[in-house]
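These are my notebook entries on one structure. I set down what I looked up, in the order in which I looked.

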Amino acid sequence: MNENKGFDVLGMGCVAVDEILRIPKWPEQDTKVRLNHYDKQCGGLTGNALVAASRFGARCAFAGHLGFDSNSDFVKNTFLTEKVNIDHVPWKNDSMPIHSFIIVDESNDTRTILFHLNGSTGAPVDSPAENVILSSKVLFVDHYGIEGMIRCAKIARRAGIPVVADLERNEWQGFDELISLVDHLIISIKFARKISGCSSPGAIAHKLFTPGKKVVVVTGGEEGCWYIEENRVLKHFPAFKVKAIDTTGCGDVFHGVYSACLADGLPIHERIRLSSAASAMKALHPGAQKGAPTREQVLKFLETR
Ligand SMILES: Nc1ncnc2c1ncn2[C@@H]1O[C@H](COP(=O)(O)OP(=O)(O)O)[C@@H](O)[C@H]1O
Ligand SMILES: [Mg+2]
């Protein structure tokens, strides 16, 4: 990746500690169930996207809330191992990651996520410093810490730095302003239907392509994704056929690899192709982060397709 800017991808949003519980089938109430598999991994929309982008070769930084509890330590150590910079984290006593319990029902490959918001999480209102944002090639935002996200997105957009977003909830104040500041909007079809009021991928993408947008991508799991850019022609990219065992984090890996490719100056079709391949490869592994592939692994996978 090009060396002349501080970070390729800067993110401040949601990080989580995910406890992954794989069960043979959904239990009756008041019963005991033995797990088929247990694992603990870092997660969260931004945490997963940054780790995926870093594995893909991007220089990434996390500048959202973290504290001094054991889950913050777990996230910190993961970021350090994954070469995600944490120099701009505003460490605070009352900050900590989200704690999630992801139940994967192996009888039908569904995942149910229970989560606890323990303390402040996501983007701080007044950091990172402007020069940190301005020395990044791509700003990555999600819906955690909307006030701080809006501040960062405004600074980035004024300087012509692209803002990539993953959004899954719209109940917090400022959501409309945040989404208007995003120029690369990538969201899954379920949430896209909710906020657009439209049903078909084409109608959704056109409705969400508001002034200032460069790309809108609607992801649809194993159906692949649909995208439009400034010429407003809808394109569909089918998902790569894989034997998926856990789709947790597929969307997050898609966002991370898309952001890395954008920082690298790749054209839209390449961004979509590489992100689709990386997210399909993720589905071969349990949990959100362990399955995120490197750039070399993605290129090798694509040679066989
Ligand atoms: N079962 C699957 N097989 C292959 N690729 C998948 C599968 N599920 C997801 N993907 C890829 O990941 C992308 C994002 O997945 P999606 O489920 O839409 O997002 P989210 O994880 O945010 O709900 C899809 O557009 C597709 O490219
Ligand atoms: Mg998602």
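**Entry 1: a strand and its partners**

I began with a pair of facing residues: valine 218 has tryptophan 226, in S12, as its bridge partner. Helices (H or I, at least four residues) and strands (E, at least two) are DSSP runs, numbered from the N terminus. I note for what follows that this is a predicted model, in which local features need pLDDT of at least 70 and side-chain atom pairs count only at pLDDT 80 or more, while totals for chains, interfaces and linings use all residues. Residues are numbered from 1 along each chain as its sequence is written, chains are lettered from A and ligands numbered from 1 in the order in which they are written, and side-chain values use heavy atoms, with hydrogens and water left out.

I then looked up how S11 and strand S12 (residues 225–229) are joined: they pair in the antiparallel sense over 5 bridges. Two strands count as paired if DSSP finds at least two bridges between them. S11 and S12 form a hairpin with 5 residues between them. In the turn, glycine 221 has a positive phi of about 55 degrees.

Strand S10 (residues 184–188) pairs with S11 in the parallel sense, over 5 bridges. I recorded histidine 184, whose bridge partner in S11 is valine 215, and isoleucine 187, which stands opposite valine 218 in S11.

Is strand S11 (residues 215–219) mostly covered or mostly uncovered? I found it mostly covered, as 5 of its 5 residues are buried. Buried means under 20% relative accessible area, exposed over 50%, and partly exposed in between (1.4 Å probe, protein chains only). Val215, Val217 and Thr219 lie on one side of S11 and Val216 and Val218 on the other, and all are buried.

**Entry 2: the whole sheet**

Strand S1 (residues 7–11) pairs with S8 in the parallel sense over 4 bridges, and glycine 11 stands opposite phenylalanine 140 in S8. Strand S9 (residues 163–165) runs parallel to S8 and is joined to it by 3 bridges. Leucine 139 has valine 163, in S9, as its bridge partner.

**Entry 3: the ligand**

Which residues are closest to ligand 1? I listed Thr219, Gly221, Phe240, Gly251 and Ser279, out of 20 residues that surround the ligand. A residue is counted here if one of its heavy atoms lies within 4 Å of the ligand.

For polar contacts I looked for pairs of N or O atoms within 3.5 Å; within protein, one must be able to donate a hydrogen and the other to accept it, and residues adjacent in sequence count only if both atoms are side-chain atoms. An N or O atom in the side chain of threonine 219 is 2.8 Å from an oxygen atom of ligand 1. A polar backbone atom of glycine 220 is 3.5 Å from an oxygen atom of the ligand. For glycine 251, a backbone N or O atom lies 2.9 Å from an oxygen atom of ligand 1.

Helix H8 (250–263) and helix H9 (268–282) are the elements that give two or more residues to the shell around ligand 1.

**Entry 4: two helices**

I returned to H8 and found 13 of its 14 residues buried, so this helix is largely enclosed by the rest of the structure. Glycine 265 follows H8 and has a positive phi, near 80 degrees.

Helix H1 (residues 45–55) is likewise largely enclosed by the rest of the structure, because 10 of its 11 residues are buried. Among them are Leu45, Asn48 and Ser54. Glycine 57 follows H1, and its phi is positive, near 115 degrees.

**Entry 5: a buried arginine**

Arginine 22 is buried, with a relative accessible area of 7%. Its side chain makes a polar contact with the side chain of glutamate 106 (2.6 Å). A polar atom of the arginine 22 side chain also lies 3.2 Å from the backbone oxygen of isoleucine 245.
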